[in-house]
Amino acid sequence: MDFPATGWTPLPQVVARRIQAMILDGELQPGDQIPSQRVLSERFSVSRASLREALLTLETLGLIKTEPGRGTFVTARKASGSERLKWRYADSYAVQDVFQTRLMLESEIAAHASGSISGEALDQLRVTTDRMERCWEAGDLLANVEADLLFHRP
């Protein structure tokens with residue numbers, strides 16, 4: 001997959017960041033219904049297609065939930081203390097099982113990759129993982145996903 005050059009962010013991602021900011025800043029509280037797609041697309045001056053893509057991203061991250069016939073609601077904001085965001089697939093997959101599977105697969109992949117990685121590429125991986133951690137700690141889930149995509153880019 002090819003990613004945009006650094007410094008350029010796709011429009012749906014920009015919109016998702018703005019809505020995420022509204023949630024993190026408390027403008028939208030957990031349980032609040034977010035404005036309609038028409039209202040949001042006018043507010044952000046974007047097409048409904050771009051807005052729908054932004055909303056899908058936020059729903060995948062667990063920040064909002066769409067309920068057919070009712071609307072779209074804020075589910076969470078930045079976790080604090082022992083409060084954590086619920087993983088979207090928690091009802092289907094035990095987190096421990098997922099991490100054990102990832103540990104087995106990713107360890108093997110890393111072992112194969114380690115024989116051919118350059119020093120420069122290794123440094124870039126360190127920078128990217130540091131960025132992922134900072135974004136996660138700051139509650140910026142979208143930036144965390146972007147850093148994760150860069151980490152996994154071939």
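The model is predicted. The chain holds six helices and two strands, and along the sequence they follow the pattern α-α-α-β-β-α-α-α. Of the 154 residues in the chain, 24% are buried.

**Overall contacts**

- Among the contacts in the chain with a separation of 6 or more, 55% are between residues 24 or more positions apart.

**The nonpolar core**

- The largest nonpolar core consists of 19 residues.
- Val15, Ile19, Ile23, Phe44, Leu51 and Leu58 are the residues with the most contacts inside this core.
- At least two residues of the core come from each of helix H1 (11–24), helix H2 (37–44), helix H3 (48–60) and helix H6 (141–152).
- H1 provides the largest share of the core, with five residues.
- Ile19 is in contact with Leu40, Phe44, Leu51, Leu55 and Leu58, leaving aside its neighbours within four places in sequence.

**Helices H2 and H3**

- The axes of H2 and H3 come within 9 Å of each other and cross at roughly 105 degrees.
- H2 is therefore roughly perpendicular to H3, as angles of 65 to 115 degrees count as roughly perpendicular.
- On the H2 side, the residues that meet H3 are Gln37, Arg38, Leu40 and Ser41.
- On the H3 side, their partners are Arg48, Leu51, Arg52 and Leu55.
- Ser41 lies in helix H2 and counts as buried because its relative accessibility is 9%, where buried means under 20%.
- Not counting residues up to four places away in sequence, Ser41 touches Val46, Ser47, Arg48 and Leu51.

**Helices H5 and H6**

- Helix H5 covers residues 119–138, and its axis comes within 8 Å of the H6 axis, with a crossing at roughly 160 degrees.
- This angle makes H5 roughly antiparallel to H6, since angles over 145 degrees count as roughly antiparallel.
- The crossing of H5 and H6 is left-handed.
- H5 meets H6 through Leu125, Thr128, Thr129, Arg131, Met132, Cys135 and Trp136.
- The residues of H6 that they meet are Leu141, Ala143, Asn144, Glu146, Ala147, Asp148, Leu150 and Phe151.

**Thr72 in strand E2**

- Strand E2 spans residues 71–74 and includes Thr72.
- Thr72 counts as buried because its relative accessibility is 13%, which is under the 20% limit.
- The side chains of Thr72 and Thr66 are joined by a polar contact of 3.1 Å.
- Residues up to four places away in sequence not counted, Thr72 touches Asp32, Gln33, Ile34, Ile64, Lys65 and Thr66.

**Tyr89 in a loop**

- Tyr89 is placed in the loop between E2 and helix H4 (95–114).
- With a relative accessible area of 40%, Tyr89 is partly exposed, because this value falls between the 20% limit for buried and the 50% limit for exposed.

How values were computed
Residues are numbered from 1 along each chain as its sequence is written. This is a predicted model: local features need pLDDT of at least 70, side-chain atom pairs count only at pLDDT 80 or more; totals for chains, interfaces and linings use all residues. Side-chain values use heavy atoms; hydrogens and water are left out. Helices (H or I, at least four residues) and strands (E, at least two) are DSSP runs, numbered from the N terminus. Buried means under 20% relative accessible area, exposed over 50%, partly exposed in between (1.4 Å probe, protein chains only). A polar contact is a pair of N or O atoms within 3.5 Å; within protein, one must be able to donate a hydrogen and the other to accept it, and residues adjacent in sequence count only if both atoms are side-chain atoms. Contact means heavy atoms within 4.5 Å. A nonpolar core is a set of buried Ala, Val, Leu, Ile, Met, Phe, Trp, Tyr and Cys residues joined through side-chain atoms within 4.5 Å. Axes are lines fitted to C-alpha atoms, for helices over the stretch in contact, and angles run from 0 to 180 degrees between N-to-C directions. Angles under 35 degrees count as roughly parallel, over 145 as roughly antiparallel, 65 to 115 as roughly perpendicular and the rest as oblique. A crossing is left-handed if the near helix is turned anticlockwise from the far one by less than a right angle, and right-handed if clockwise.
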